[in-house]
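Please open the structure in a viewer and keep the selection tool at hand.

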Amino acid sequence: MSAVKWEQRYKGFSPYLCEFCGRVVSRQLEMLLDKDLGISYLYREEDSRRAPSSTEVCVLCNYALSMLQGKITKFTEEEVLNTYTTRAICFPYDPTKSWMELRIHGKSESKRNAEQVLCCQLQGSIMDSPIWTSSNPLDPVKQLASANRWLKNCQENHEACNALEASLNASCPTRLIDISRPTLLLVCPPAASTVAYAALSHCWGGGLPIKTTLNNLQEHLVAIQTDALPRTYRDAVTVSRELGIRYLWIDSLCIIQDDPRDWEREAARMASVYEGAVVTIVASWGKNGDSGCFHPPKPSMAIEAHGQNSLNGDDHISTTRLYLRPTPDPARYLGNSHLSTRAWTFQEVILSRRAVVFTDEQLYWQCTSVLESEDGLESSNHLLGIRDSLPSLGVAIRQPDIPLYELYNSWEVATQRYSKRFLSYPSDKFAALAGIIQMFQRATGDIPLAGLWKSNICKDLLWNIPPNTHGKLDTEAIGALNIPSWSWAKLHCPVDSQAGGKEPCVKITDASVTWSGVPLISKIQHASISGLGKLVKLAEFHAQDRVGQCICKASLFVRFENAFDKSSEYHKVYGHFDECSQEIREPLTCLVLYKDARSFSRYQGGDVLSLSTLFLTAVQDTQSKSTYHRVGMGMFYDVPQEIFDNCSETEFTLI
């Protein structure tokens, strides 16, 4: 919009806006009210820099800068204060929505760029959303109005959610907290009963101020002192009461923490607990029990635009109120929250049929049917595609008629995310996954193998260390659980997966894992994978020009030995070793899992292949010469077909 048009239509703003921000807001109003589908780029003159010493402070400049200060942590406080708006982009009006996006770009004196994305809504469409209209942080009861609406809508209108609830065969938890009276207490409902309850997902932090033990169990069955509860627990009680739910499940109170048998039994039933809950209360932003669920959201900024319109030849002064808020970032509320760093909390959200998520921005709702945000700007019923913000495995499993390969792909995504999380006790590595392993097993009928699956074992074996990541063995977990060398669970670092190839090259004859006690909760007694495949001995293995550096970051060269004529030649391999090292100290053998024909031919007209392989070392203390440990995986390219064809199939066992 030109300066003349702006001055004619909009006479002023309350509170004060600088000329640049006035043009930005007026342009947004033009697009919203007139349904203008263009994109407007507005530039601020270099000499109209926003300075902290200005006598008249523009509220929009201040608001954007306060958002930057809380969002862009890499900027120093001085840099943020000296940031000034250089450009604003008003995105086109979308007739299907009542809001529009505004991007405010800036740069600091050090020339680093910054951006704050805001959304704006007109007054008429948002009066029922307190997060937009309140000028102060909301009290918990007002904030829970959205959660009440979501739960009621889900129970009354979501066919998929109701069908799932009707098909549930989840048993009642062993213990629940009765919150119907001022004095809380533990109760033990009959196992066959169906009781409506909420569950809490939270971070324990450095310890718990209250927990159920053998010594105080009888006391908690009579009364639990509310004053002794940490803030997160008290907030969970408030949420459950506002949602009309009488019972609440909290792990530290409903599991006897110093009784190993009770812990094993309850940990194995985790899938049933979270699946059976009416809703899971997710305290995503807190680092411990004292943080609480509720975080005061940043109030919206309201701007009144006083305009002048001509109607039948007469000037008419109108006032339009506009609300601005930061654009929601759903990737932060789970993907980058403190809750997402802990291993135990991973399955809790996946297993839950419904979840109300408390973040430092606002409330979110997730169920089998939809994802919603408190401000209404985030809304989706295509949950399978939201992989950056939601664990997709639970959603995928609950979709009717989903192809089996998509379920296994979702499992790979789940293991990648889980491997990035931390455990206080490494011996819990499988226990913290037991719930979703049981859920996946019911959905597929497959057999779990220490984090892998029997029907998908060749593909699952191709897990690897991501680029620029150093492999690190989790020695405590390996010792406590006897984790086999072929399982990604042996590592204390992120893992990734490879696509494999079009043609499998191994035949698995047996794959099994036996446990010393409760599966997934106890120690592995025996684990092995046996089969028939092509084993290629590497005659030489080295990293060129990588002296003094770890081999896991290098492109490596190996010398294949041709089994037919004993000749050899060098080939390049992109290796991912499970443990970071500067050299390979033992002879290596490659087990070829997949092959793909390349799209061109070389080597005197012969075909070439790409091979997906495992790096193996022979186990010396066994009677069989064909028993191996996995030490990594590799991708070979341009390997002559004859080398592969001349390699005979051999029996092997991985342990």
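Begin with L520, which sits in the loop between strand 22 (507–515) and strand 23 (524–543). The model is a predicted one. The phi of L520 is near 75°, a positive value in a residue other than glycine. Is L520 buried or exposed? With a relative accessibility of 9%, L520 counts as buried.

Next, select N482, in the loop between helix 19 (475–481) and strand 20. Here too the residue is not a glycine, and phi is positive, at about 60°. N482 is partly exposed, its relative accessible area being 36%. As background, most residues other than glycine have a negative phi, and most peptide bonds are trans.

The peptide bond to inspect next joins S14 and P15: this bond is cis, with omega at about -5°. P15 belongs to the loop between strand 1 (10–14) and helix 2 (19–34).

Now display the strands of the open sheet, nine in number, with mixed pairing and the order 7-6-9-8-10-13-14-15-16. Its edges are strand 7 (185–187) and strand 16 (379–380), each of which pairs on one side only. Within the sheet, select residues 279–283 and 354–358: these are strand 10 and strand 13, which run parallel and are joined by four bridges. V282 can be picked out there, standing opposite V357 in strand 13.

**A buried loop residue**

Move to L229, in the loop between helix 8 (217–220) and helix 9 (231–242). L229 has 4% relative accessibility and so counts as buried. Which residues are in contact with L229, leaving aside its neighbours within four places in sequence? They are L184, I210, I224, R234 and L253.

**The largest pocket**

Select W204, Q257, W344, Y425 and D428, which lie nearest the centre of the largest pocket among its 28 lining residues. The volume of this pocket is about 790 Å³. Helix 11 (260–268) and helix 14 (344–351) each supply at least two residues of the lining, and helix 14 gives the most, with three. Colouring the lining of the largest pocket by class shows 13 nonpolar, nine polar and six charged residues.

**The largest cavity**

The count of cavities of 30 Å³ or more comes to three. To find the largest, select E412, T415, D460, W463 and S497, which are nearest its centre out of 15 lining residues. The largest cavity holds about 120 Å³ of space. Helix 16 (404–418), helix 18 (457–460) and strand 20 (496–497) each contribute at least two lining residues. Helix 16 gives the most, with four. By class, the lining of the largest cavity divides into six nonpolar, five polar and four charged residues.

**The cysteines**

Finally, select C505 and C458. How many disulfides does a search of the whole structure find? The search finds zero. The closest cysteine sulfur to that of C505 belongs to C458 and is 9.1 Å away, too far for a bond, because a disulfide requires sulfur atoms within 2.5 Å. C505 is buried, with a relative accessible area of 10%. C647, the last stop, also counts as buried, at 9% relative accessibility.

Conventions. Residues are numbered from 1 along each chain as its sequence is written. This is a predicted model: local features need pLDDT of at least 70, side-chain atom pairs count only at pLDDT 80 or more; totals for chains, interfaces and linings use all residues. Side-chain values use heavy atoms; hydrogens and water are left out. Buried means under 20% relative accessible area, exposed over 50%, partly exposed in between (1.4 Å probe, protein chains only). On a 1 Å grid over the protein atoms alone, a cavity is a set of points where a 1.4 Å probe fits but cannot get out, and a pocket is an open set with protein on both sides within 12 Å along at least five of seven lines; lining residues have an atom within 4 Å of a point. Grid points are joined across faces, edges and corners, and a volume is the space filled by probe spheres set on the points. Ala, Val, Leu, Ile, Met, Phe, Trp, Tyr, Cys and Pro count as nonpolar, Asp, Glu, Lys and Arg as charged, and the others, Gly among them, as polar. Two strands pair if DSSP finds at least two bridges between them. Contact means heavy atoms within 4.5 Å.
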